[in-house]
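This report describes selected packing and pairing features of the structure shown below.

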Amino acid sequence: MKHRFKIPCGTQHLKDVRRFLNKVLSNYNLGDIDQNALVLAVDEVCANVIIHSCYLNPDMVVELTVGLEDRMLIFEIIDQGGASGFDISSYRGPDIDKLIKTGKKGGVGIMLVRKIMDKIEMVSQNGKNICRLYKNL
Amino acid sequence: MVNIDTKIEADILTLKVVGEVDASSSINLDNAINNAIKEGHKKILIDGEGMNYISSAGLGVFMSYLQDFEKHNIKMVLYGLNEKVLNVFKILGLDQLISIAESESEAKVLMND
């Protein structure tokens, strides 16, 4: 069974994404710390999509699904924005020491996702970008 | 949604952060720290007891001021983080780069080190 949720493209809706995820994940007895980490990883991808793919356009929608297959949690974040060329599955992110030296505020979100999840896939098809995050239970 | 209350006691400014610091609300934390620096505070405590979530946007705010703190001889210590929030700092090793204490009293000791 897949759980589904949709939000308009705005960062003010991220709290609704987290509420949905916490409700779904509470079924899996992950413990507070691990559950929060998974919620964080999905929140980071959603924020990235909202800002960098959909450019905060409130007429666009981000769709989220959560499913379990063979003890593997699979999260899908689906958008129809324009930044299909940005592949977070291969993005390594900057060096933390360098980031601190430049004083930039962004740049560690995808690093968090890569540390938390076991596998990341990006697919662009039929005008949709699908980011799949996998976590072994 | 995040609320930030400020308190000044002797030479220490405390920013009490309550709520969730994410891509939408991190601007409030950013403004509060920026104001503290502009006002010339040299000792800044972040009371995180009421902070129940932080994302990379919030981490980025703290990281972005580390250079300024060093340059202007400002000390900042976070305290009272719950285990979920503390874990987010630990995932990237930021607990080694940012001063984090368990309690207010421990934070004040670190502040005066």
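Helix 2 of chain A and helix 3 of chain B are oblique to each other, a class left for angles that are not under 35 degrees (roughly parallel), over 145 (roughly antiparallel) or 65 to 115 (roughly perpendicular). The angle between helix 2 (residues 32–53) of chain A and helix 3 (residues 83–91) of chain B is about 60 degrees, and their axes lie 9 Å apart. Axes are fitted to C-alpha atoms over the stretch in contact, and angles run from 0 to 180 degrees between N-to-C directions. Helices are DSSP runs of H or I with at least four residues, and strands are runs of E with at least two, numbered from the N terminus.

From helix 2 of chain A, the residues A:Asp32, A:Ile33, A:Asn36, A:Ala37 and A:Leu40 meet B:Glu83, B:Lys84, B:Asn87 and B:Val88 of helix 3 of chain B; contact requires C-beta atoms, placed from the backbone, within 7 Å.

## Model and confidence

This is a predicted model, in which local features need pLDDT of at least 70, side-chain atom pairs count only at pLDDT 80 or more, and totals for chains, interfaces and linings use all residues. Residues are numbered from 1 along each chain as its sequence is written, while chains are lettered from A and ligands numbered from 1 in the order in which they are written.

Chain B has a mean pLDDT (the predictor's confidence in each residue, from 0 to 100) of 96, with 100% of its residues at 70 or more. The model's scores are ipTM 0.92 and pTM 0.93.

## Hairpin in chain B

Strand 1 (residues 2–9) and strand 2 (residues 12–21) of chain B run antiparallel and are joined by 8 bridges; pairing requires at least two bridges found by DSSP. B:Ile8 stands opposite B:Leu13 of strand 2 of chain B. This hairpin of chain B has 2 residues between the strands, and B:Ala10 adopts a positive phi near 55 degrees.

Terms used: Contact = placed C-beta atoms within 7 Å.
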